[in-house]
Amino acid sequence: MTTEMAALSGLFPVDKTLERWLRNKATEAAILNDRTTRLRITHKRVDELFADPLTADRDAVYAKQLYLNLDTLAPYVSGPDSVKVGTPLHKLAPQHIKINRAYIISCTNSRASDLAAAAKVFKDTAKANPDTPPKIAEGVQLYIAAASAPEQEAAEAVGDWQTLLDAGAQALPAGCGPCIGLGIGLLEPGEVGIRVGHRDAQTYLASPEVVAASALKGVISGPDTYKVPKNWSGVEYGYGTSAEATTENKLSNFLQQMESLIDRVESIETPRSKVDILPGFPEKISGEIIFCDADNLNTDGIYPGKYTYQDNFSKEDMAHVCMENYDPQFNSITRPNDILVSGYNFGCGSSREQAATAILAKQIPLVVAGSLGNIFSRNSFNNALMCLEVPRLVQRLRTHFPSPSNNDTKRPLTRRTGWTLTWDVKRSLVEVQEGEGGETWTEQVGELSRNVQEIIAAGGLEAWVKAELGKAAAGVAS
């Protein structure tokens with residue numbers, strides 16, 4: 001999921017594996033009348049796609065190129081509680097981490113093929129021990145939910161669904177549930193789950209096979225068939241393409257670096273024209289900096305998933321639980337008109353817009369981060385929450401307020417800094433006063449265009465669209 005990396009979208013070159021999948025779907029749609037894909041996925045459209053496949057130009061320019069040697073990739077488990085923390089399975093399994101709940105769910109990890117992989121773990125165990133039917137470990141609850149109703153039907157048709165039920169799995173309906181903190185099967189305080197729940201529980205993410213094996217044994221582990229690769233010393237990765245360097249690509253890389261350097265120098269030295277400010281729109285936004293020193297603070301940390309679909313939740317309720325999963329003290333520490341500053345990749349994760357509206361409900365008008373998740377950034381402006389990226393500010397705050405350790409329980413998660421930030425919208429300039437008697441410095445930021453100002457002034461994109469439609473209707477009527 002590219003949103004976890006703060007990307008708005010991800011493009012992959014098409015290959016034979018994808019073509020086979022599309023061919024199967026096209027045939028399936030042509031045969032079965034109930035398939036909604038029959039107008040979208042046809043053999044004719046597949047022919048057209050592969051007749052002229054989408055590829056990058058030979059002289060395409062990239063901000064960064066990375067390579068990963070898949071031959072060196074071994075099973076990993078993410079967590080606890082962050083997809084940014086990953087441990088090879090063969091290093092985690094010897095720790096015998098006891099689990100309470102296991103999940104094979106979600107729209108991205110519970111297709112028929114995933115359910116088949118999980119069912120195979122139990123089938124293989126049954127073959128190895130024919131006199132003892134495989135059952136999930138005592139004290140462990142295994143939950144399964146297919147990515148969609150058709151995926152569940154496919155798993156039922158080949159017996160994989162029943163295999164999991166026979167092992168003691170509990171079936172949940174296809175669709176959103178535990179992933180966003182809804183329905184049954186949520187982790188409770190102190191519990192450990194392998195796959196979402198209470199902030200005082202620990203959560204790990206793993207493949208369907210590892211989840212099934214962990215449910216069977218009661219501790220995080222892999223299938224008995226899994227063997228550690230011989231001479232494995234880690235995943236091979238790095239910058240570039242790993243291809244042998246040539247004079248051509250060396251020259252191309254050098255030119256790209258020079259062009260990037262020239263662009264940066266020109267952006268610094270070229271004075272910007274003043275932004276046209278909409279009548280009534282504030283020319284400056286100022287407030288005390290509240291520092292939440294964390295990278296990859298995701299939307300569930302900002303607005304807990306268990307509140308996402310509660311329609312009776314008031315604006316005051318949203319303000320009260322804002323950042324609850326990150327810091328339960330956030331509500332009592334912050335004040336109206338504070339400016340929230342956090343680290344890098346702020347707002348990554350799911351696309352829930354309440355992550356933006358909850359901050360607004362807390363009467364925080366501006367979020368500043370080292371970098372922003374693209375979907376969060378778009379949701380923010382769509383809902384009239386203003387955001388800026390100022391990496392220098394994060395670096396200065398971390399220098400002045402160093403964190404001894406991320407595991408330090410006494411470390412303040414939300415800090416009143418005494419620093420003030422003023423955003424001169426007209427001049428596209430941020431001024432930071434580092435506390436009373438401290439250093440004052442400025443940083444150029446991106447322009448807040450007039451059309452974006454209009455959306456913010458209207459109270460968000462939906463309100464702006466309604467207003468524009470109202471104007472159009474009034475014009476027709478007159």
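This is a predicted model: local features need pLDDT of at least 70, side-chain atom pairs count only at pLDDT 80 or more; totals for chains, interfaces and linings use all residues.
**View 1. The whole chain and its secondary structure.** The chain comes to 16 helices and 16 strands, where helices (H or I, at least four residues) and strands (E, at least two) are DSSP runs numbered from the N terminus. Of its 478 residues, 39% count as buried, with buried meaning under 20% relative accessible area, exposed over 50% and partly exposed in between (1.4 Å probe, protein chains only). Residues are numbered from 1 along each chain as its sequence is written. Local features need pLDDT of at least 70 and side-chain atom pairs count only at pLDDT 80 or more, while totals for chains, interfaces and linings use all residues, and side-chain values use heavy atoms, with hydrogens and water left out.

**View 2. Helix 13 and the residue that follows.** Helix 13 spans residues 374–382, and its buried residues are Phe376, Ser377, Asn379, Ser380 and Asn382. Just after this helix, Ala384 takes a positive phi of about 75 degrees.

**View 3. The lining of the largest cavity.** The residues Phe291, Asp293, Phe401, Ser403, Pro412 and Arg415 line the largest cavity, a cavity being a set of points on a 1 Å grid over the protein atoms alone where a 1.4 Å probe fits but cannot get out, and lining residues having an atom within 4 Å of a point. By class, this lining has three nonpolar, one polar and two charged residues, where Ala, Val, Leu, Ile, Met, Phe, Trp, Tyr, Cys and Pro count as nonpolar, Asp, Glu, Lys and Arg as charged, and the others, Gly among them, as polar.

View 4. Leu68 lies in strand 1, which covers residues 66–68, and Leu68 is partly exposed, with a relative accessible area of 45%.

Methods:
On a 1 Å grid over the protein atoms alone, a cavity is a set of points where a 1.4 Å probe fits but cannot get out, and a pocket is an open set with protein on both sides within 12 Å along at least five of seven lines; lining residues have an atom within 4 Å of a point.
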